[in-house]
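Have the model open while you read.

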Amino acid sequence: LRKLYDTSKGFDVVVLRTDSFGFHSYSGFSGSPVLNTKGVAVGVVTDQLYNTLGYTSIDIIADDLTEKKVRFSENADQFDTRPFGIGTCMELATKACRKMKSRYTNNHIKDEDLETQLEIFCGYNVDRWEKEFRQRMNKWYQNTNATYKAAIDKITSLKTFMQGDELSNDCFRDMDYLLNRRESENSDDYFIRGKHRKELTDVISLMEVAQEAKDLSKKRFMYVHGDAGSGKTQHMCHFVERMSSLINIYLLFGTDFEAGKPIHSICKALHWDDVHTLDKLNAEMVQRNRFATFIVDALNEGAGTYIWLDLLPVLRAEIDRFSRLKLIVTVRTMEPGDMLNNHFKKGWVNLKTRGFSNLREAIEKYFDAAGIHENANDYLYVREFQKPLFLKIFCQVYHQLPYEYRKDLDILLLYQLYYKSRNTKVSH
């Protein structure tokens with residue numbers, strides 16, 4: 001499929017047929033529904049071009065259909081299997097997560113704070129923080145007294161923001177002035193006092209969150225780091241699996257890359273034939289006013305660790321050429337002298353994984369999946385369980401452990417049994 005942005009011909013998508021039964025002419029096909037690979041109607045045939053079909057997508061005539069009260073579903077993105085379609089992103093995400101099935105399980109415990117930061121970085125739904133601040137500001141204004149309202153009415157930046165303007169530096173300046181304004185020139189008393197002052201302080205906190213989100217969404221490069229087994233791969237797989245139905249996001253692994261040009265490795269991993277695909281992807285994101293994010297998990301793990309000393313700056317430079325592309329990499333926490341650290345000193349957002357955010361919930365969920373009938377409270381003292389990998393290993397070998405070692409853990413015995421089970425599985 002090829003998207004046309006010039007719709008003067010009367011259609012906006014050209015179909016590239018790959019079957020061996022192509023017709024010499026498609027005369028008479030006009031008006032036929034166009035089904036995608038999911039069997040969902042996504043358009044109507046309108047013309048033929050170079051012995052293939054052109055069709056009008058439902059997406060481009062949505063306003064006209066609404067006006068004529070024709071019912072249609074607006075989740076077309078999830079069925080878009082063009083190269084940069086969300087449907088394709090979802091398929092690629094599923095395949096990538098399947099590759100990590102030995103490390104990523106359905107028992108994953110979502111880290112709300114971590115995933116919120118990732119969402120904002122990817123540019124997803126960033127406006128919600130500003131909207132929440134605007135709603136709270138308007139609510140505070142409506143509930144305050146006439147004196148305070150009169151003072152705010154004289155502050156242009158705040159009035160225009162409350163009416164829908166974007167959050168600006170003037171808003172910060174004037175909110176600070178409002179909070180710290182005195183009753184009179186020689187008075188020590190604040191102009192806004194009591195419960196109104198406390199509520200205004202809470203509103204200002206929301207403003208700061210909104211600005212932080214706005215700033216983070218403008219960043220282009222992020223590295224997520226944490227100790228071995230702290231759940232970096234689990235978090236990335238869960239995040240990509242969840243978000244691939246909403247944004248263009250692509251998950252790759254450090255082992256997908258070879259020495260040379262990293263763009264070639266990306267194209268190979270994502271089954272893109274053309275090395276100029278990034279130009280086309282960026283153009284698509286500009287057209288749609290959103291970002292595409294590449295995640296490369298486990299840079300400094302495995303046999304290919306050292307190639308990233310050369311590959312990472314090259315990959316960053318490639319991504320940096322395009323205004324609508326972003327890059328997230330995950331790394332195992334390094335020693336201060338590790339040379340790879342030098343690449344993250346400038347221009348990278350730093351995000352740390354710390355294991356489970358809710359240990360009791362994690363233990364209960366993992367135990368239930370493994371058929372372990374123990375009270376989670378009895379294991380909260382095991383600090384190693386804070387790391388998803390260790391808890392996963394414990395659950396896999398629990399039924400092989402001697403009874404006396406099921407609560408009084410012997411770490412060495414645990415690993416010996418795990419290695420034995422893995423060797424048995426590999427040999428079979």
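A crossing counts as left-handed if the near helix is turned anticlockwise from the far one by less than a right angle, and as right-handed if the turn is clockwise. Keep in mind that this is a predicted model.

1. Start with H7 and H8. By that convention, H7 passes H8 in a left-handed crossing. Helix H7 covers residues 169–180 and helix H8 residues 194–217; their axes lie 11 Å apart, at a packing angle of about 160 degrees. Angles over 145 degrees count as roughly antiparallel, so that is how H7 runs relative to H8.

2. Who makes that contact? On the H7 side you'll find Cys171, Phe172, Met175, Leu178, Leu179 and Asn180. H8 answers with Arg197, Leu200, Thr201, Val203, Ile204, Met207, Glu208 and Gln211. Sorted by type, the residues where H7 meets H8 come to 9 nonpolar, 3 polar and 2 charged.

3. Now look at helix H3 (residues 112–121) and helix H9 (residues 232–243). Their axes come within 11 Å and cross at roughly 55 degrees, and H3 and H9 are therefore oblique to each other. The handedness of the H3 and H9 crossing is right-handed.

4. For the H3–H9 contact, H3 brings Leu114, Glu115, Leu118 and Glu119. From H9 come His235, Met236, His238, Phe239, Arg242 and Met243.

Notes: Residues numbered from 1 in each chain as written. Predicted model: local features only at pLDDT ≥ 70, side-chain atom pairs only at ≥ 80, totals over all residues. Heavy atoms only, no water. Axes fitted to C-alpha atoms, helices over the stretch in contact; angles between N-to-C directions. Helix = DSSP H or I, 4+ residues; strand = E, 2+ residues; numbered from the N terminus. Parallel < 35°, antiparallel > 145°, perpendicular 65-115°, else oblique. Contact = heavy atoms within 4.5 Å. Nonpolar A, V, L, I, M, F, W, Y, C, P; charged D, E, K, R; others polar.
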